[in-house]
Amino acid sequence: MAVCVAVIAKENYPLYIRSVPTENELKFHYMVHTSLDVVDEKISAMGKALVDQRELYLGLLYPTEDYKKRYGYVTNSKVKFVMVVDSSNTALRDNEIRSMFRKLHNSYTDVMCNPFYNPGDRIQSSRAFDSMVTSMMIQVC
Amino acid sequence: MSVPDYMQCAEDHQTLLVVVQPVGVVSEENFFRIYKRICSVSQISVRDSQRVLYIRYRHHYPPENNEWGDFQTHRKVVGLVTITDCCSAKDWPQTFEKFHMQKEIYGSTLYDSRLFVFGLQGEIAEQPRTDVAFYPSYEACPGVEKRIEDFIESLFIVLESKRLDRATDKSGDKVPLLCVPFEKKDFVGLDTDSRHYKKRCQGRMRKHVGDLCLQAGMLQDSLVHYHMAVELLRAVNDFLWLGGPAALEGLCSASVIYHYPGGTGGKNGARRCQGGSLPAEATNRHRPGAQEVLIDPGALTTNGINPDTSAEIGRAKNCLSPEDIIEKYKEAISYYGKYKNAGVIELEACVKAVRVLAIQKRSMEASEFLQNAVYINLRQLSEEEKIQRYSVLSELYELIGFRRKSAFFKRVAAMQCVAPSIAEPGWRACYKLLLETLPGYSLSLDPQDFSKGTHRGWAAVQMRLLHELVYASRRMGNPALSVRHLSFLLQTMLDFLSDQEKKDVTQSLESYTSKCPGTMELITLPDGLSLPPVPLTKLPIVRHVKLLNLPASLRPQKMKSLLGQNVSAKSPFIYSPIIAHSRGEERSKKIDFQWVQGDVCEVQLMVYNPMPFELRVENMGLLTSGVEFESLPAALSLPAESGLYPVTLVGVPQTTGTISVNGYHTTVFGVFSDCLLDNLPGIKNNGSTVEVIPALPRLQISTSLPRSAHSLQPASGDEVSTHVSVQLFNGETQQLVIKLENIGVEPLEKLEVTSKVLTSKEKLYGDFLSWKLEEALAQFPLQPGQVATLTVNIQVKLDFSCQENLLQDLSDDGISVSGFPLCSPFRQVVRPRVESKASNPPEGSKPGDPSHTKVLEAILNFKYSGGPGHVEGYYRDLSLGLRVEVEPSVFFTRVSTLPATSTRQCHLLLDVFNSTEHELSLSARGNEELILHAGECQRMAIQVDKFNFESFPESPGEKGQFASPKQLEEQRQEARGLEINSKLGIRWRIPSLKRTGEASVEGVLNQLALEHLQLAPLQWDVLVDGQPCDCEAAACQVGDPMRLEVRLTNRSPRSVGPFALTVVPFQDHQNGVHNYDLHSAVSFVGSSTFYLDAVQPAGQSACLGALLFLYTGDFFLHVRVHEDSTSKELPPSWFCLPSVHVRALEGQA
């Protein structure tokens, strides 16, 4: 299942990042950070497409990387979601990833709706969001 | 083939490889100087054809790579240039021998070689040799380039001959099999006669010819050959190169060269352009019209040497489209991937493909190629090669715009430099590489970039990088650098550090700075990068900066010039909105108070400590400009995560002018920081520019009276430095001795004293404070340290009577004096009316208060000046607060008058009340003393002459000018009060306390009493038998007519009259009964009623009549005045005619 979930602001700094093996968190930071290159590239390629027809799901960012796969998703406000998925779990299909991202997006929208949340701040105190991410991390395992 | 050349690009396929090497002892400097000159000859147009020859120079080339030369001819060393140093002819044979040995290394592939000898002169040098050139020195070698050109031309001749040889050699006899090193053993024992083998040979040869064509500058031909090779090799499944990829790659290269004449290997692009074939702007641009150009026969330059370039193969078809290039590259790489030993080739192919894709701006596909390259497993790489590999990967990622990936690999390379397996870690290289990763992590080392707005970039990875920079710079042995990085980390990442990290970072910072304190200087690295200073503005965080005014007593004031200060000289208008606007802007920066040269000035900062531990800030001082300023640094210790904490920084301006406070400096953890206010985010600042005026003296005052804990009413608006208080009985006078000491450094030249009474709800009579300034001024100018004295008399005269409720009506007519609205113009200024009204109710409730003490407060203002500040027109204002508690002594509860027997006198009846707790004696002028016990009330009668108020001089003219009639009247009354008071001269004495004072009647005198006390302007004199009859009883004889004359003297300023006077006789029975029925006892001679016509001012008039008493007895005559209705307004007291007492006696006859 997902081993790392990250929400990245429009200006490319992390709003939220959580990974399952917490002891090597920095590794995931690097992983997500470098994958932003691809996200940027894909966004700029999509820029030509019409905005409303745009597919938010970016698909697989890096096809081959030790045993992890990274998927990207970008909202209309250029907030990016990156998920690192353990590829040993082959049962995961594209559609499932897609629905996970959609869930993540909905949850993020809820966070944004919180009048006490300052857009651009780190997502720190949202229990609902936290539990949703947790559920995604253990879902299938 | 084991050493990959990461710098390879597609264009390299068309180049000839020439190795330039030193032989013997050649200094690196000299070698590279010549090498550079040689390299400049990279492109040669071969004469008599339009073909262009490209040369690739290497100063180092592994011979095993050379062995792949048959596979791709650009890998083959075809030329060797040796550079050597030879000083004497003796060494020459030896040197030449070495050259030959060098040639042996690449001997199998060399077309030609050259030896450049430097330093040798003499006969050997004279010998003309083709392969050896002699130059006297490294400086004097003008012919190097020419030599190289010649050399290359000779190379070309060989190449061209080989090409022609191979191209035409298709007679079908025996085509030799070209193979790569690792293949050799595979072909042992293979049937060389089989068709399959032949095809393979042909295919490989075809490809080889293609390579040669490409090198020889025949692009079109090479394309054709490549196509043919591909077809041939595909048929025999010779995957490595026979099977296509080499050929495919060649095809790709040729196409790339055609499509992108600017070159793909960025660095070399410029060199190619230099050749002049295309303008610079054409580089890196895809040429969409390439295929059309191909078809145009006029544009073709092939010379038809090669019969195999059959015309039926469409030229346009030969050249691959950009998309095809990538496809072919993919195919080639997949073929290469089948051979373990071809890893380097595969890697290089990947690199080449990436470069092509980068130009096509297809980053995603390029990243896939790169990704593939990352996983190509070469043999065990040395650390150095790993570093090179990662650096190149980083560069390639950079090329396709993946700056994060690039930074990642660069960082990996940096870490590789200092891998634990390396014996001598290259910290310098590591640091340099780490610095290069900074842009990838969107990190700049300028703290200014972080001061505004939110944090940019990925804090976690940035922090990691900074930690690594710190560590690398420390291991490099540059502590200044590591301190700079560490303070940068602390400054910019403070929000992201955990408490433990904060502690760790600060601890290591402290340990570093103990060796090398952090400074505010720009650190410039050898490679030109400069690290701006990092002020630790967040340790502590400053929220508010406020320049403080001097304390009130030291505040300089500007003497009023002739023009008002606020009037701007620039504009003739009193008010203009435009000016007001600009002034407002100006004011926002400049603060409207002044500092004084030589005096300690203060700036208050509100700071807080964001750290989870106590923060020690040392050497905290102000940064100023404009004026020489001696800052007095402070050290402070802020508790952990303190709230806003006020800190006052002080300093002394040494010169005059305009000073602006730009910021502050601190030393925290051994790092010096200069924090400028402009750069601080979220700071509240109410201006930072202040004028400093010249020095002024300082005055200190001390008094004979005790200091008071009470401060004056806050509403007073003045700030008073010292307060003294004294307790006095009403009417008492006391002296206050004030010592004035100059405690400054400037002489005190001017002094002015003014006073201001604050509590004005009380009616105050007489002068409260009086002094003689002359005595003090006689000692001026007061040098520093000297003392002068000033004596001030305090006199209190208050009206206590109205406090008492028992005094409901003081006067006969019930008019309460206290109810009279009393307001002098002076008081109106000090206290607005509203306030006096508001204070009335408490006053009403006051009688309940047993003490009845009233408080008088006054401020003595000392305006003084001297020294240079005086010249500039400044003075200082020192205030002394004076609080006088007034206890009631005696007061008059009631006042009334009784007419005395004489109309010129009257009796003043005063009810005196002793409100003290002491026995008190009271004396009026000349009268005997009256002893009053505590709380006793007695009546006191004083006979006074009536006053002629009219004769008083009017109050000073200038006051009368702007006073209303009411105020005038009041003033007049005050003056009268004073007059009466001085006439009466009532003094009290408390023997037990030995205190004396005056008792004043001013407060209780009312209109009516005053009128009674006033000498009426109409003077009535009654004369009996020509004698004025005042108090004595006039005697007359029964039966004799008694002459009665009533004389009226008009002293009023207007005419009065007419009057009617009626004389009414009566007898007083002394029991309250007046008997008016005396018709039988008294008869009038003539009329009993007299008429008086108008009496002019200062005129006199008299009425004459006579009375006849028929019986003896005491009679009184009452003269009544009947007024005409026209003159009703005259007060009745004007008509108080004395009663005439007549005693009728028995006639003697």
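The side chain of A:R70 reaches the backbone oxygen of A:M31 at 2.9 Å, a polar contact in the sense of a pair of N or O atoms within 3.5 Å, where within protein one must be able to donate a hydrogen and the other to accept it, and residues adjacent in sequence count only if both atoms are side-chain atoms. The model is predicted, with local features needing pLDDT of at least 70, side-chain atom pairs counting only at pLDDT 80 or more, and totals for chains, interfaces and linings using all residues. Residues are numbered from 1 along each chain as its sequence is written, chains are lettered from A and ligands numbered from 1 in the order in which they are written, and side-chain values use heavy atoms, with hydrogens and water left out.

A:R70 lies in strand β4 (residues 68-74) of chain A; strands (E, at least two residues) and helices (H or I, at least four) are DSSP runs, numbered from the N terminus. With 2% relative accessibility, A:R70 counts as buried, that is, under 20% relative accessible area, as against exposed at over 50% and partly exposed in between (1.4 Å probe, protein chains only). Its C-alpha atom is separated by 9.8 Å from that of A:V5, 65 residues apart along the chain.

A:S107 belongs to helix α2 (residues 94-113) and touches A:A128, A:F129 and A:M132, leaving aside residues up to four places away in sequence; contact here means heavy atoms within 4.5 Å.

Turning to the interface, 22 residues of chain A and 21 residues of chain B take part in the contact. Between them the two chains bury about 2,100 Å², 63% of it on carbon and sulfur atoms, the buried area being the accessible area (1.4 Å probe) lost on putting two parts together, summed over both. A:Y30, A:H33 and A:D37 supply 33% of the area that chain A buries against chain B, more than any other three residues.

Two salt bridges are counted between chain A and chain B, each requiring a side-chain nitrogen of Lys or Arg within 4 Å of a carboxyl oxygen of Asp or Glu. B:R404 forms a salt bridge with A:D40, with the closest N and O atoms 3.1 Å apart. On the side of chain A that touches chain B, α1(A) provides the largest share, 12 residues.

In chain B, 16 of the 21 residues of α6(B) are buried, so this helix is largely enclosed by the rest of the structure. Just after α6(B), B:G217 takes a positive phi of about 90 degrees.
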